[in-house]
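Hi everyone, thanks for coming. I'd like to walk you through one protein model today, so please have a look at it with me.

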Amino acid sequence: MIIGQAFAWVFDPANYGGFNAIPTRLWEHVWISLLAVLIASVIAVPLGWLIGHTGRARGVAIALSGGIRALPTLGVLTLFGLLLGVGLQAPLLALVILAIPSVLAGAYSGIESVDPVTVDAARAQGMTGWQILTKVEVPLGLPLLIGGIRAAVLQVVATATLAAYVGAGGLGGYVFLGLKTQDYAEMLGASVLVIALAIAFEIVFSLLQRAVVPAGVSARVAGGRTGSRKRARNPIPEGNPS
């Protein structure tokens, strides 16, 4: 059965030594993915914070993000490969373009999600616009930003298999090699590794997203839930008691 053969390939000790070893390809896949998301974050996070804080160019950002999402990644990768040649530059640029919309959306959505009453209170205390952004809006919007980065990481990890298309390494090398040699167990085994890597990143960023929620917000949410449960157990009777 092909699934059993795929898992046998994954756990075969022969695949864990030499230049084409699974740990080597796995590490290449990880650092290519994280580097692409890091570059996208450097570009998109300040821009998203600016859009969220000022409220300007939001429509342009949404339209641009939608247009970027519609781009076929393989086509973009092929174009960059023809322009830049074989190597890391072409897939890295394609993956950065893929990651920018999710990070940008997380950045400006996080700032926009802050309660205007909180912003007005900070302004009434004499805070400048920069202080409001850095001390109020950014900390409160951080969970949504991490959520955007989380989505970008998952997209990039899944798509980084195409990096091997132009000789940049990663787990996609096994996919293209298996396709060339008709070794479908190797192709499926590489896909299993990519899925496992995506799940691992999902767990890490899920925990990180919870960890960055400000303590006051967590306490307020917990208090609201406790109050809701108390009201459910002790409903207010209708009418006046006799």
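**A walk through the helices**

Let's start with a pair of helices: α4 passes α5 in a right-handed crossing. A crossing is left-handed if the near helix is turned anticlockwise from the far one by less than a right angle, and right-handed if clockwise. The axes of α4 (residues 73-84) and α5 (residues 89-112) come within 8 Å and cross at roughly 145°. Axes here are lines fitted to C-alpha atoms, for helices over the stretch in contact, and angles run from 0 to 180 degrees between N-to-C directions. On the α4 side, the contact is made by T73, V76, L77, F80, G81 and L84; α5 brings Q89, A90, P91, L93, A94, I97 and L98. Contact means heavy atoms within 4.5 Å. Sorted by class, this contact has 10 nonpolar, 3 polar and no charged residues. For the classes, Ala, Val, Leu, Ile, Met, Phe, Trp, Tyr, Cys and Pro count as nonpolar, Asp, Glu, Lys and Arg as charged, and the others, Gly among them, as polar.

A word on where this comes from: it is a predicted model, in which local features need pLDDT of at least 70 and side-chain atom pairs count only at pLDDT 80 or more, while totals for chains, interfaces and linings use all residues. Residues are numbered from 1 along each chain as its sequence is written, and side-chain values use heavy atoms, with hydrogens and water left out.

Now the whole picture. The protein has 10 helices and 0 strands; helices (H or I, at least four residues) and strands (E, at least two) are DSSP runs, numbered from the N terminus. Of its 242 residues, 39% are buried. Buried means under 20% relative accessible area, exposed over 50%, and partly exposed in between, with a 1.4 Å probe and protein chains only.

What about the inside? The largest nonpolar core holds 39 residues, and those with the most contacts inside it are I149, V153, V157 and F201. Such a core is a set of buried Ala, Val, Leu, Ile, Met, Phe, Trp, Tyr and Cys residues joined through side-chain atoms within 4.5 Å. Two or more residues each come from α1, α2, α5, α7 and α9 (184-211). There is also a second, separate core of 6 residues, including V76, L77, F80 and V166.

On to the rings: how many aromatic pairs does the structure hold? There are 3. Rings of Phe, Tyr and Trp (its six-membered ring) pair if their centres lie within 6.5 Å; planes under 30 degrees apart count as stacked, over 60 as edge-to-face and the rest as tilted. One of the pairs, W9 with Y174, is edge-to-face, at 4.9 Å centre to centre and 75° between the planes. This pair links distant parts of the chain, with W9 in α1 (residues 2-10) and Y174 in α8 (residues 172-181), 165 residues apart. W9 counts as buried because its relative accessibility is 11%, and Y174 is buried at 3%.

Y174 has another partner to show you: R25 touches it, along with F19, N20, G169, G170 and L171, not counting residues up to four places away in sequence. R25 lies in α2 (residues 22-54) and, at 12% relative accessibility, counts as buried.

Last stop, the loop between α8 and α9, where we find Q182. Most residues other than glycine have a negative phi. Q182, although not a glycine, has a positive phi of about 60°. Is Q182 buried or exposed? With a relative accessible area of 57%, Q182 is exposed.
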